[in-house]
Amino acid sequence: MEHRNLNMGLLIVAVLFLLSSCTLFRPPVRTSPAGDVPRTFALYPSGPERPERWWEEFNDEELNDLIEEALAGSFTIKEAWARLRQAKALAIQAGADLYPDLSATGDSSYKRQRTESSSGNRTTISTETYSLGLSSSYELDLWGRIRSEQEAKILDATATREDLNTAAMTLAAEVAENWIGIISQRRQKQILKEQLEINETYLELIELRYRKSMVSSLDVYQQRQLVEQVKAQIPLVEEQEQILMHQLALLLGKPPRSSLTISRSSLPESSEIPGTGLPADLLAARPDVRAAGLKLRSADWQVAAARANRLPTISLSASAAYQSSNIDLIFHNWLVNLAANLTAPLFDGGYRAAEVDRLRAAADENLSAYRRTVYTAIKEVEDALLSEVKKREHIEALEAEIEAAGRALDEARERYLKGIDDYLPVLTQVLKAQALDVDLIRRQAELLGARVALYRALGGTWADKLTPDGGLKETSISSDTEG
């Protein structure tokens, strides 16, 4: 009879374990969570395929070194790695309840009691107790609540890795933008110094003509004003260069005024606009879009866990212990205890139902956030394409304007030297021509910035290979997270 009861108990436990392996509450499969995605971009260039590490297109080893150094030393990236470790730990904790726990117990107690009767007899009793054993408990995951919570945390950890990839892509773009800005400021300073030398030479010639009574003092004052005007612009350019250097040092995880190697004195040439692919490609290429999709799936699993939490739970517990009043006989006396506990929520004031409603609303919020992220990604690509195309058109017109301004300046100088006109037309044309030269450098830098923005908007998979030491090696994100 005892043997039959034992077999029946083992059969019941086996059936319960089989039931616990079934996830009855699974989130529904969402159809078209990204919404209506355009088939193509408004401007669809069929250019060359873009490089995976897009910054190598600029053919500058110093820029390559700066970005690699930033990926290894940036505080933002280090913070993201720390958040990823936290998310992985939470995923492990969420899945720990899928397995029985096991604890070792040990106890030793000594009790001394004295009693005195009405007749005056005194009795002293000493008691010693020793115990040593194991205890275990396990909740049967009948409805998949624990599994759903684990799935949600795994997805959260994977989304956290995608957030890290987003931070890495943003960091690479910011380093490139600062690098372009620094070179632009240096080039502007170089042009201003060249203009200053030319203006000072003209000032000497005008002063010579003034001493010969060939021109009025007004011409001298006007040229001096032009010289001082150019001098006044140089400190502002130097200021902006140093600010960008400080910002770049911070991106690299260094204090301001750190020594950085940027020896380039001219802006790189902007190559042909690369092929962008289709808007649907951004769903896989953009880590922020992938992260938003993972957070949406995590929210759905949380709803499933909340629904399962409204149903009864069965917990099993077991303990085995040796116990004796004499330590030398402790292994001669033992006790085994097996127990099962059923808990069914009957009334909780609507708490669990409200939790399901809350998490469903959170899932709807994540759905809207996912679609907003997708549309924002498409918008950023559209904006970057439009910006680059229009900036190229503007630079072409600006170069034509510079050429026309140079001819006008030559004509104004010729008429001035012949005494046909006064110096004002010359001064006006000099101001225009020199301002256009500086403006051209700024527009060329903006064009390169638009290219960086395009690469950033298109995303990619290079950040998937990023390791905690800043290297770009092959890694397996999914196995790393689930483990």
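How many cavities of 30 Å³ or more does a search of the whole structure find? The search of this predicted model finds one.

## The cavity

The largest cavity holds about 50 Å³ of space. Its lining is formed by Glu139, Leu140, Asp141, Leu142, Trp143, Arg145, Ala308, Asn309, Pro312, Thr313 and Ile314. Two elements give two or more residues each to this lining: strand S2, which spans residues 122-140, and strand S3, which spans residues 313-324.

Sorted by class, the residues around the largest cavity comprise six nonpolar, two polar and three charged members.

## The second largest pocket

The volume of the second largest pocket is about 300 Å³. Helix H8 (351-417) and helix H9 are the elements that contribute two or more residues to the lining of this pocket. The lining consists of 14 residues, and those nearest the centre of the pocket are Pro268, Glu269, Ser270, Gln444 and Leu447.

The class composition of this lining is six nonpolar, three polar and five charged residues.

## Arg451 in helix H9

Arg451 belongs to helix H9. Is this residue, Arg451, buried or exposed? Arg451 is buried, because its relative accessible area is 1%, and the buried class covers values under 20%.

The side chains of Arg451 and Glu57 are joined by a polar contact of 2.9 Å. With residues up to four places away in sequence set aside, Arg451 touches Glu57, Ser270, Ser271, Glu272, Ile273, Pro274, Glu388 and Arg392. One of these contact partners, Ser270, is also among the residues that lie nearest the centre of the second largest pocket.

## Arg456 in helix H9

Helix H9, which covers residues 424-458, also contains Arg456.

Which residues are in contact with Arg456 once its neighbours within four places in sequence are left aside? They are Thr170, Ala173, Glu177 and Arg286. For one of them, Ala173, the separation in sequence from Arg456 is 283 residues, while the C-alpha to C-alpha distance is 6.4 Å.

## Summary of the helix H9 residues

Within helix H9, Arg451 is buried at a relative accessible area of 1%.

Notes: Residues numbered from 1 in each chain as written. Predicted model: local features only at pLDDT ≥ 70, side-chain atom pairs only at ≥ 80, totals over all residues. Heavy atoms only, no water. Helix = DSSP H or I, 4+ residues; strand = E, 2+ residues; numbered from the N terminus. Contact = heavy atoms within 4.5 Å. 1 Å grid on protein atoms, 1.4 Å probe; cavity = no way out; pocket = protein on both sides within 12 Å on 5 of 7 lines; lining within 4 Å. Points joined across faces, edges and corners; volume = space filled by probe spheres on them. Nonpolar A, V, L, I, M, F, W, Y, C, P; charged D, E, K, R; others polar. Buried < 20%, exposed > 50% of the residue type's maximum accessible area, 1.4 Å probe, protein only. Polar contact = N/O pair within 3.5 Å; in protein donor to acceptor, adjacent residues only side chain to side chain.
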